[in-house]
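Open the model in your viewer and switch to a cartoon view.

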Amino acid sequence: MGGGFGDTQPFRTAAGGLIDRNRPRDFTFDGRRLTGFHGDTLASALLANGVRLVGRSFKYHRPRGILSAGSEEPNALVELRSGARREPNTRATMAELYEGLEATSQNRWPSLAVDALSVNALLSPVFAAGFYYKTFMWPASLWERLYEPMIRRAAGLGRAADAPDPDTYDRAHAHCDVLVIGGGPAGLSAALTAGRSGARVILVDEDFATGGRLLAERREIGGASGSEWAARAVAELESLPEVRILTRTTLFGVYDHGAYGAVERVSDHLAVPAAHAPRQRLWRIVARRAVLAAGAIERPHVFGGNDRPGVMLAGAVRTYLNRYGVRPGHRSAVFTSSDDGWRTAADILAAGGGLAAVIDTRPSVPPALRRMAEAAGARVVAGGYVAGTKGHLGLSAIQVVDGYHSTETIPCDGLAMANGWNPVVHLDSHLSRRPVWDEAIHAFVPGTLPSGMQAAGAAAGRFTLADCLETGARAGAEAASECGFTATPEAAAKTDPESVDHTPLWRAPKPRGKAFVDFQNDVAASDVELAHREGFRAVELLKRYTTLGMATDQGKTSNLAGLSIMAELTGKGIPSVGTTVFRPPFTPVAIGAFAGHHRGKDFRATRHVPSHAWAEENGCVFVETGLWLRPAYFSRAGETDWLDTVVREVETVRARVGLCDVTTLGKIDIQGRDVLTFIERVCANPFATLPVGKARYAVLLREDGFVMDDGTIARLGETHYVMTASTANAGRVMQHLEFCRQWLWPELDVQLASVSEQWAHYAVAGPRARDTLRRIVDPGFDISNEAFPFLACAEVTVGGGIPARLFRISFSGELAYELAVPAAYGDAAWRAIMQAGLPYGITAYGSEALSVMRIEKGHAAGPEINGQTTARDLGLGGMLAKKKDYIGRLMKERPALVDPDRPVLAGFRPVDPSARLRAGAHFLGRDAEPSLEADEGVMTSVAYSPSLKTWIGIGLIRRGPERHGERVRAYDPVRGAEIEVEICSAVFVDPREEKLRV
Amino acid sequence: MSEAMTSLWRPRGAWEGAARIGRPGAAAGPAGIRLSLREGFGLATLIAADGKEGGLRTALADRFGPSLPEAGTAVFEGETGLVWSAPGQWLAVAPSPRDLKGLPEALRGVAAVTDQSDSRALVRISGAQARAMLAKGVAVDLHPRAFGPGRVAVTSIAHIGVQFWQRDAGPTYDLTVARSFAGSFWRWLEHAAAEFGYEIEAAEGADQRRLK
Amino acid sequence: MRIRCPFCGERDNGEFSYLGDAAPRRPDGLDASAAAMHDYVYLRDNPAGTLRELWYHAAGCRSWLVVIRDTRTHAIESVEPARDVARARRAATLTGRADHA
């Protein structure tokens with residue numbers, strides 16, 4: 001073809017169709033350069049160019065072509081685009097042709113036409129139903145090394161891109177009165193009727209052109225062609241201000257209470273999305289009413305070689321002829337159990353195609369139709385069937401059995417199958433509802449519909465165009481009326497007559513060759529027979545055993561065929577065999593669409609502390625704590641690893657002064673007449689004696705007796721307290737307090753306000769903390785030890801009048817304060833304190849140093865307050881109130897929780913001072929064999945203590961406080977360490993608390 | 001604040017480090033979204049004492065107009081108003097925290113007043129695509145038939161708690177988000193507004209220098 | 001699911017967190033028995049059908065709500081503020097006690 005793209009499209013009709021012949025579109029398939037037109041799908045463009053072989057099947061690597069013209073396509077799956085945008089398993093029937101489109105066939109090696117693995121077809125007995133469960137069972141050691149890689153190479157579908165997706169995905173919410181699902185004649189009628197009433201209407205349609213089968217059939221409505229009628233309907237809908245049409249949008253899920261999920265392919269019809277435009281958008285739609293007008297899916301016939309490229313659904317043949325101007329073959333045959341087949345024959349002839357034969361499974365054929373076919377030189381067989389096909393990589397002939405059981409071979413390169421239609425019952429079944437069998441139309445139709453939903457047109461089993469228009473209009477009117485609008489369906493325009501009579505043939509009585517039921521999963525009629533013989537007869541078992549109805553198409557063209565064969569084999573009717581459950585999504589949805597903006601850094605939200613900017617400027621290494629990004633430590637030049645830094649930070653705090661951002665603590669203002677009663681009931685320790693201007697440590701229990709959280713409560717005024725909760729539990733504590741206020745004790749006058757975001761909260765700790773703060777707190781506030789002793793709190797001002805709260809509380813064990821300033825001044829206050837502390841050698845310290853110091857002080861934190869420990873376990877039993885009722889009071893006394901053998905808090909030092917301790921190690925007696933029975937407890941937190949120059953740990957061990965001095969083993973099989981440790985007090989530094997009160 | 005305050009004690013805007021003045025996103029045509037970063041406003045939570053809503057209403061009458069707004073609504077006179085937040089709870093909004101001084105004393109006995117002026121970042125969202133952009137994050141129906149001027153919603157966007165109220169039929173929305181989430185929220189906003197093109201400006205009174 | 005918060009209107013269930021059966025009542029006070037507390041903490045009905053349950057509008061107005069929901073179909077019969085329910089229940093209990101006196 002040289003430099004130019006091929007301009008011949010041998011199967012394109014001379015005229016007609018809804019493609020734009022003035023806008024050619026060049027594309028490649030397996031590197032071959034081809035040309036189609038604007039308005040084509042990849043499938044129609046391939047067919048126009050005579051490409052019928054587009055992929056290899058899943059198990060047997062059989063050549064496969066294009067079966068359908070819609071989202072139900074099981075065969076024509078390709079890799080679309082390349083590089084980071086490569087997307088496997090894209091249905092060629094849904095891919096809109098754009099300039100430069102690149103498509104690659106998948107599941108073939110080395111090439112599509114010569115596929116080495118098609119020998120699998122010769123091994124087909126091995127790959128029969130249940131092969132996964134039977135064939136590769138022994139020896140088990142070969143599974144990972146040999147079988148799985150082999151199967152994956154042989155049976156995989158496409159290849160995912162291996163670079164990050166460069167596109168963006170959007171999410172949006174929409175609300176409406178009436179949601180119309182499907183833009184065919186029924187959907188358009190429903191939307192028009194509802195839209196004209198003034199109701200807010202959303203019409204979603206998965207196609208890029210709205211009209212459904214109206215675009216694919218040669219039909220008339222009120223004297224206009226179907227596609228003209230659809231275009232006029234769309235124009236009117238677009239003129240209505242409260243109607244929104246979402247094209248290229250698949251409604252993939254129905255959820256409770258009128259919620260729906262849909263995915264809009266915003267840019268998939270472009271080579272690259274426009275700047276700033278998303279590739280796809282996930283819609284969450286909330287609708288008061290919904291009209292399901294999703295149409296129907298045609299059923300293939302089950303006969304030998306029915307998977308050969310060139311064999312196609314009859315409706316798809318008409319779509320390619322009428323919408324895309326593409327003949328599916330030079331000389332086609334029609335295999336029909338339905339009047340639809342005859343319409344197909346007529347359309348083939350009208351498009352100038354050759355008609356080889358019409359085989360009708362029904363014994364009588366209307367004479368007029370027979371005359372039409374025979375006049376075109378076609379063979380007509382009534383009461384017969386197609387038993388098999390011939391051809392190498394595509395169809396070359398069919399083997400037809402007539403009513404007298406004699407077989408003849410009829411050459412043809414295309415075969416249209418018309419075996420009736422199945423209403424799309426997937427969406428109305430999403431809420432665990434089952435469709436019901438309608439004997440009159442030989443198909444499942446919607447059963448009890450989800451509340452607020454009604455079905456119309458083919459989706460309701462009403463297949464004629466007149467019925468679609470009428471039921472659609474009626475459903476639209478009803479839905480709008482139920483939303484309070486005045487809507488009346490107009491009398492539907494007159495349509496040309498049609499017959500939809502059909503008598504399905506569930507499978508060819510005597511197929512020649514493999515008769516496929518599920519093309520995508522290579523499940524043949526014989527596999528269903530095997531499942532039946534082996535007892536896997538229930539539909540759910542049939543599905544799992546044979547893989548019928550799995551993978552990307554979820555059995556849209558295959559489920560009923562499988563069920564009908566099982567029904568025949570078991571002698572039960574189809575209704576009692578039933579269907580499997582349909583679940584969202586209706587068609588595959590890219591994970592990216594669900595993730596939307598939540599990727600990479602935005603996978604989840606990040607909270608920044610008020611000192612974040614300073615921290616970033618000063619070598620801070622951050623750590624994620626819940627959603628917070630907390631400063632972990634602040635590296636300085638010359639420090640070689642984190643431990644160097646943390647040791648320096650701890651030593652500076654212990655000897656001089658340090659500043660730590662503790663804003664991540666939850667902070668709750670509690671006010672009201674009954675505030676004290678409330679706090680007394682919520683906290684396990686007493687508060688009645690806490691005077692104004694003082695703070696106290698607080699323990700909250702859960703009602704089951706375990707510790708929920710700890711913090712401090714400061715009394716700022718007569719009826720005004722402020723409580724802190726730990727970083728991890730801040731939200732949970734607020735929810736708990738609201739539960740107590742609203743549900744347990746609604747009679748109490750209590751007001752709760754979270755002030756976590758209002759106040760920047762800084763710990764200033766170390767012997768020079770007061771000296772530092774004296775330069776921050778405005779003159780006039782006395783913060784001397786006498787005026788402002790340990791556990792004092794006050795409202796002060798800083799920086800010349802900025803309101804602040806000062807608490808003399810300590811987590812590190814040093815002389816320490818917590819200063820709260822309005823968050824906007826957080827950055828300024830931090831810088832001011834760092835400057836004020838300069839003469840004293842101040843350091844910023846992060847959560848690592850904070851953690852080291854709290855372990856040195858034996859303060860319980862997250863690893864100890866883990867939902868499995870009681871106050872007594874943590875050594876806090878002595879502080880609990882005796883004379884008040886509070887949450888958790890009774891249940892903490894359960895026998896197991898007061899068992900003296902329960903592991904309780906203790907300290908641990910390695911016997912070898914150079915040994916490194918590990919949190920998570922279990923304690924064992926010196927000679928005990930490792931076993932659950934011998935397990936004495938667990939090391940919960942460890943740190944290298946700069947104060948003791950050795951690793952230290954705290955943990956929970958049986959009768960810990962009674963065993964100081966005893967040696968046990970810290971057993972850590974996961975990391976292969978076993979270290980002898982000595983039990984000691986959990987308070988390693990300043991056990992008499994002399995540093996706190998100076 | 002005191003005039004004598006040193007330059008060290010300068011407040012830092014909630015959007016600082018997250019948002020910058022500019023006109024990013026799709027460039028063709030006028031910006032579909034206008035984002036006005038507001039700083040320096042006053043906010044306070046008012047929580048009625050048990051059974052004291054009537055007293056609170058009376059006590060507020062002089063300050064904020066005739067009535068406490070009903071659930072899901074807000075009342076404003078200029079930039080001063082009351083925004084419903086939760087049953088028995090309102091947000092008092094004023095141009096400056098100074099305007100809310102004295103409120104705790106004025107409402108003593110009828111409501112708990114908690115200063116929240118620094119707790120949130122506030123952005124005013126307007127422009128032809130304001131509704132469409134907000135609908136990307138908000139699961140609340142914003143159609144004029146369902147949500148008009150004076151309406152308030154407490155909900156979440158991209159898993160971040162937000163409270164917003166509609167100022168006018170334009171539509172213009174004032175949206176607040178917890179201060180610590182401002183950066184993450186802004187990244188969502190950039191994502192949602194990009195296809196429309198958007199313009200970011202500092203509201204009057206904000207320190208423009210620091211947003212450039 | 002969509003839950004109609006009496007204050008905020010209809011919202012996605014993602015805005016709410018679930019607690020469970022609203023029937024158990026906390027035995028308050030120092031004279032409450034351990035057995036009664038055990039029942040309150042641990043015993044729950046688990047009906048296939050209508051259940052009164054507690055939900056918390058965490059991402060909204062932070063109201064605790066009593067939702068009557070069919071556990072089989074998710075159909076929601078009513079949503080009330082838990083505080084109102086608790087107050088009414090308390091009033092009824094007090095009246096009951098007065099009647100006994």
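The tour goes from whole chains to a single bridge and back out. Bear in mind that this is a predicted model.

**Stop 1: chain A.** Select the whole chain. Its C-alpha trace spans about 115 × 70 × 65 Å along the principal axes. Chain A holds 21 helices and 50 strands. Of its 998 residues, 57% are buried. Take the contacts between residues at least 6 apart in sequence: 66% of them join residues at least 24 apart.

**Stop 2: the barrel.** Now select strands β45 to β50 of chain A. Which order do they follow around the barrel? The 6 strands close up as β45-β48-β47-β46-β49-β50, with antiparallel pairing. From one strand to the next, the twist averages 45°.

**Stop 3: one strand pair.** Select residues 903–910 and 950–958 of chain A. These are β45 and β48, paired in the antiparallel sense over 6 bridges. Zoom in on A:Gly907. Its bridge partner in β48(A) is A:Ile954.

**Stop 4: chain C.** Hide chain A and select chain C. The C-alpha atoms fill a box of roughly 45 × 25 × 20 Å along the principal axes. Chain C has 2 helices and 6 strands. How many of the 101 residues in chain C are buried, as a percentage? The figure is 28%. Among contacts in chain C between residues at least 6 apart in sequence, 49% link residues at least 24 apart.

Note on methods. Residues are numbered from 1 along each chain as its sequence is written. Chains are lettered from A and ligands numbered from 1 in the order in which they are written. This is a predicted model: local features need pLDDT of at least 70, side-chain atom pairs count only at pLDDT 80 or more; totals for chains, interfaces and linings use all residues. Two strands pair if DSSP finds at least two bridges between them. Helices (H or I, at least four residues) and strands (E, at least two) are DSSP runs, numbered from the N terminus. Axes are lines fitted to C-alpha atoms, for helices over the stretch in contact, and angles run from 0 to 180 degrees between N-to-C directions. A residue is buried if 20 or more other C-beta atoms lie within 10 Å of its own, exposed if 12 or fewer, and partly exposed in between; C-beta atoms are placed from the backbone. Two residues are in contact if their C-beta atoms, placed from the backbone, lie within 7 Å.
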